[in-house]
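This briefing covers selected local features of one protein chain. The points are grouped by topic and follow the display below.

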Amino acid sequence: MSDQRRSWLVLLITTVVCLGAAEVFARLLPKNYYEWQHRYMFISEGVNTNKTFADGTTAQWYKPDSAINWAVFYGYPWQKPKQEYSIWSTTNNLGLVQASDAQLGKPSIAIFGDSFTEPQATTPWFYSLENHWKRLNPKGNTQLLNFGFQGTGIGRWDQISRNLSEPYNFQKVIYVAIGQDFARLGETGWNERDLKCLDNAEDCKKNHYYQAIAGDDQSEAKLQERTEQLMGKRNNTLDKQLRYGLCGVSELARQVASVIGSPCFDGRPPTDYQSNLKTAVGHGLHLFRQQVARYGANNVFLVWIPERNEAATGRVSPISQQLLKVADHDLPQGHVIRCPLTAADFYDKDGHQNEAGSRMIYDCVAQALTQASEGNDQKIE
């Protein structure tokens, strides 16, 4: 073997060893990124609707007395998609994910939240919370209401407060929130195109972000087949197949992309959205202060949940810092509970909590509920 060939062989072996070592090291790093661009979401057909409130505004809502199946897959080109979770939940007479029906005029503790509270990705922890509340107040007359709904935040919660706080007699409120919930100002329902798909799986196009599950197509194998079809539509160019195919097998590529965006994610890095939320958070915290004034500080509790990237790195994001600063200032001592989720409490790919994380959130909300019950005779000013 010539010296030149020997040099090229040494270089090749060195490169392979270095890349292998880098890949192993990357798999030890915290996952400071989301893979939502490669997520495929399915929900039972015919369970979603738009609720119109007395003030004329609308909100995304579930139909009353429904059984809901959420199923989520992740998939990269050249790989079989894998199901991250599949859960069932049920709604009450108001369309809320809980066991007990809502009664007009009955004193209520309203629990506001997003997909962590609904919850979208695990067995509903709210069922256990209802049982906990019955043990705390076996002779009590106060009901719990679960206003958790995926993708929502302070805009929707303010909308609910304006329209439902009087007829459902909100006495106390508990916000179960991640920081970015206070930058979610929207309060609009499903658009006609999405609602048509969600009502009937046959009307879902392959570019719909949400896909409806037909009643006879709920098996994991059938949904995996549909996911493969959607993957072909979403990754329909050779460039995407090559880039995303690499990202599907390499944690090193995903870690690099989490910082620079390319090659695994289109556009900016997947957690860079937080830099765009500063103005919205300011408006959201103003609405939060109005809520505190509406109910009285002694009747308001905040359970703060870290997002997965915060839990993985141990660094609280700027928007969460703003929220906690305002809440610590405006609420009484003990009314702000930092729920100590860690990276192990989240799914491998999804940004939502796993079953262990849901148990942790349940414990934190139960703590807030116990504190709320100690002053249960206190009325809103």
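In helix H7 (residues 251–260), the buried residues include Glu251, Ala253, Arg254 and Gln255, together with Ala257 and Ser258. Buried means under 20% relative accessible area, exposed means over 50%, and partly exposed lies in between (1.4 Å probe, protein chains only). Helices (H or I, at least four residues) and strands (E, at least two) are DSSP runs, numbered from the N terminus.

The model is predicted: local features need pLDDT of at least 70, side-chain atom pairs count only at pLDDT 80 or more, and totals for chains, interfaces and linings use all residues. Residues are numbered from 1 along each chain as its sequence is written, and side-chain values use heavy atoms, with hydrogens and water left out.

- Ser250 caps the N-terminal end of H7, with a side-chain oxygen 3.3 Å from the backbone nitrogen of Leu252.
- Just after H7, Gly261 has a positive phi of about 95°.
- Ser262 and Pro263 are joined by a cis peptide bond, with omega about 5°; Pro263 lies in the loop between H7 and H8.

**Nonpolar cores**

- The largest nonpolar core has 39 residues, and those with the most contacts inside it are Phe112, Phe147, Phe170, Tyr175, Phe182, Phe288 and Leu302.
- Two or more residues each come from strand E3 (58–62), strand E6 (108–113), strand E7 (143–148), helix H3 (154–164), strand E8 (170–177), helix H8 (278–295), strand E10 (300–304) and helix H10 (318–330).
- H8 gives the largest share of this core, 7 residues.
- A nonpolar core is a set of buried Ala, Val, Leu, Ile, Met, Phe, Trp, Tyr and Cys residues joined through side-chain atoms within 4.5 Å.
- Phe288 is in contact (heavy atoms within 4.5 Å) with Ile154, Tyr175, Phe182, Val300, Val326, Ala327 and Leu331, leaving aside neighbours within four places in sequence.
- A second, separate core of 27 residues includes Phe126, Leu144, Ile337 and Val365.

**Packing of H2 against H11**

- Helix H2 (residues 126–136) and H11 pack at an angle of about 30°, and their axes are 11 Å apart.
- Axes are lines fitted to C-alpha atoms, for helices over the stretch in contact, and angles run from 0 to 180 degrees between N-to-C directions.
- H2 and H11 are therefore roughly parallel to each other; angles under 35 degrees count as such, over 145 as roughly antiparallel, 65 to 115 as roughly perpendicular and the rest as oblique.
- On the H2 side, Ser128, Leu129, His132, Trp133, Arg135 and Leu136 meet Tyr362, Val365, Ala366, Leu369, Thr370 and Ser373 of H11.

**Tyr347**

- Tyr347 is found in the loop between strand E11 (336–338) and helix H11 (355–374), and counts as buried because its relative accessibility is 15%.
- Not counting residues up to four places away in sequence, Tyr347 touches Glu84, Tyr85, Ala121, Thr122, Arg308, His352, Gln353 and Asn354.
- The Tyr347 side chain reaches the backbone oxygen of Ala121 at 2.7 Å.
- Tyr347 and Gln224 are 123 residues apart along the chain, with 19 Å between their C-alpha atoms.

**Asp328 in H10**

- Asp328 is found in helix H10 and is partly exposed, with a relative accessible area of 39%.
- Leaving aside neighbours within four places in sequence, Asp328 is in contact with Val336 and Arg338.
- The side chains of Asp328 and Arg338 make a polar contact at 2.7 Å.
- A polar contact is a pair of N or O atoms within 3.5 Å; within protein, one must be able to donate a hydrogen and the other to accept it, and residues adjacent in sequence count only if both atoms are side-chain atoms.

**The loop between H3 and E8**

- Ser165 is found in the loop between H3 and E8 and counts as buried at 10% relative accessibility.
- Ser165 touches Ile160, Phe170, Arg294 and Tyr295, not counting residues up to four places away in sequence.
- Asn169 has its place in the loop between H3 and E8; its phi is near 55°, a positive value in a residue other than glycine.
- Asn169 is partly exposed, with a relative accessible area of 23%.

**Other backbone features**

- Trp78, in the loop between strand E4 (67–74) and strand E5 (82–90), has a positive phi near 75° and counts as exposed at 62% relative accessibility.
- The peptide bond from Glu118 to Pro119 is cis, with omega near -20°; Pro119 lies in the loop between E6 and H2.
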